[in-house]
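Biologist: Can you take me through this one? I'd like to start with the charged pairs and then move to the packing.

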Amino acid sequence: MSPAGFRLNAIELVRLGGSMNAALMDMETPAAANGVALLHGTLPAVRPADLPKALQFCVDIDRQHRHGAQRQWVSGQLPNGCRIAETQRKMNHGVFVTARRELPSLDENSGLDAAGQWLWKLLNTTEYALPTEAGEELEESRLRLPAHVRGVAGARGLCMVGTAADPNPEQASDYQYYDGSSYHLSTLYADALALAGLQQIVLDAFGREVARMGESEPLRRKVGQMERDLLIFRRSYWAADFGRQAACTAIVRNVRRGCGLPEALQSLVSDLGELARQVQAAETETTNAILGLLAAIGLPLATGLAIWQGLSQADAASLYRTLGITCLTTVLLMIAFPGLRRLFTSLFHRRRRRR
């Protein structure tokens with residue numbers, strides 16, 4: 001039993017696979033996490049009107065709230081070697097609420113029915129009155145579930161309610177109608193929430209690494225590796241689905257949309273493309289600078305040596321004079337042609353930035 005009253009039944013750990021976990025390990029910016037912990041259990045037995053508030057206490061793992069008791073308790077349940085990410089302040093939740101007869105109303109002044117009121121308050125873990133736009137929010141996050149079950153999914157998690165008494169009360173305990181929905185919540189639907197959580201972890205890690213790379217001149221090898229890792233992510237974790245389980249696919253899609261993950265992925269693709277373009281432009285400028293310097297130094301030097309070899313007295317003194325004239329000619333070319341001077345300064349400036 002947690003300090004907030006959550007009764008824990010089991011813990012499930014889902015970690016990133018080998019290639020993607022290795023990609024996060026290779027980043028110079030440490031990833032916030034590399035896995036998801038699913039805590040299966042039951043909410044505390046409280047009055048129906050107090051259940052959304054009780055859920056809020058159960059998912060709150062901010063160390064500044066209630067002396068961090070809930071966070072310490074969750075950390076104590078994790079296996080050795082596992083810890084909560086420092087950036088995690090609140091857990092996403094998946095909850096299923098049913099009533100023996102019918103769901104009681106939580107807000108008499110709301111235009112939503114009892115099931116809609118429960119879904120909105122549970123999804124937002126709040127006891128405050130429903131806003132006027134609550135109906136629109138629920139419609140955007142609504143899931144298509146079996147009869148007598150309604151559900152919504154969003155950035156905060158997944159909420160399901162039974163709209164009436166169990167349609168099959170004659171069955172033995174654990175074999176009734178809503179028991180199947182509970183089983184789906186703890187298996188397939190929980191896997192969908194875990195997949196969305198892993199996707200967010202990877203995209204957040206990529207975003208921080210790209211931001212770090214943008215602070216200095218990027219290297220071709222690093223940018224190329226990031227592009228390959230992102231391609232692997234898009235063809236594995238991002239493209240993963242649950243076959244014909246349309247509800248699971250909808251859960252992942254709603255959580256993605258609520259967290260802004262599609263926009264984050266598109267921004268990453270665009271930023272990596274821009275970094276690759278900058279790398280290509282920098283390499284082209286470097287090549288041009290080297291060729292320009294070779295021409296500015298090599299042409300006067302080759303001309304001077306050819307003249308020196310043609311002298312009747314090609315001694316050391318005349319060689320030094322020839323080299324001096326060559327250096328003076330190179331300097332004059334640098335002064336006379338600003339383009340050569342810019343190539344020279346940009347080449348050494350780029351070398352200092354890479355250091």
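**Salt bridges, helices and a sheet**

Modeller: Arg 66 and Asp 60 form a salt bridge, with 3.1 Å between the closest N and O atoms. Keep in mind that this is a predicted model.

Biologist: Is Asp 60 buried or exposed?

Modeller: Asp 60 is buried, at 12% relative accessible area, and the cut-off for buried is under 20%.

Biologist: How many salt bridges does the count come to?

Modeller: The count comes to ten salt bridges. One of them pairs the side chains of Glu 28 and Arg 212, at 3.2 Å from N to O.

Biologist: Which parts of the chain does that pair link?

Modeller: Distant parts, 184 residues apart. Glu 28 lies in the loop between helix H1 (18-26) and strand S2 (35-42), while Arg 212 belongs to helix H6 (residues 177-213).

Biologist: And what is the relative accessibility of Glu 28?

Modeller: Glu 28 has 57% relative accessibility, so Glu 28 counts as exposed, the cut-off being over 50%. Arg 212 has a relative accessible area of 24% and is partly exposed.

Biologist: What about Glu 139, which residue is its salt-bridge partner?

Modeller: Arg 142, with the closest N and O atoms 3.5 Å apart. Arg 142 is partly exposed, with a relative accessible area of 42%.

Biologist: Which residues do salt bridges with shared partners join into one network?

Modeller: Glu 28, Glu 209, Arg 212 and Lys 222.

Biologist: Changing topic. At what angle do the axes of H6 and H8 cross?

Modeller: At roughly 35°, and the axes of H6 and helix H8 (residues 246-259) come within 9 Å. The crossing of H6 past H8 is right-handed.

Biologist: Which residues meet there?

Modeller: From H6, they include Leu 188, Ala 192, Leu 195 and Gln 199. On the H8 side, Ile 251, Val 252, Val 255 and Arg 256 are among them. By class, the H6 contact with H8 has twelve nonpolar, two polar and one charged residues.

Biologist: Now the sheet. What is the strand order?

Modeller: S3-S6-S5-S4, in an open sheet of four strands with mixed pairing.

Biologist: Which strands stand at the edges?

Modeller: Strand S3 (93-97) and strand S4 (142-143). Each has a single partner strand, so one side of each has no neighbour in the sheet.

Biologist: How many bridges join S3 to S6?

Modeller: Five, and S3 and strand S6 (residues 157-162) run parallel. Within S6, Gly 157 stands opposite His 93.

Terms used:
Residues are numbered from 1 along each chain as its sequence is written. This is a predicted model: local features need pLDDT of at least 70, side-chain atom pairs count only at pLDDT 80 or more; totals for chains, interfaces and linings use all residues. Side-chain values use heavy atoms; hydrogens and water are left out. A salt bridge is a side-chain nitrogen of Lys or Arg within 4 Å of a carboxyl oxygen of Asp or Glu. Helices (H or I, at least four residues) and strands (E, at least two) are DSSP runs, numbered from the N terminus. Buried means under 20% relative accessible area, exposed over 50%, partly exposed in between (1.4 Å probe, protein chains only). Axes are lines fitted to C-alpha atoms, for helices over the stretch in contact, and angles run from 0 to 180 degrees between N-to-C directions. A crossing is left-handed if the near helix is turned anticlockwise from the far one by less than a right angle, and right-handed if clockwise. Contact means heavy atoms within 4.5 Å. Ala, Val, Leu, Ile, Met, Phe, Trp, Tyr, Cys and Pro count as nonpolar, Asp, Glu, Lys and Arg as charged, and the others, Gly among them, as polar. Two strands pair if DSSP finds at least two bridges between them.
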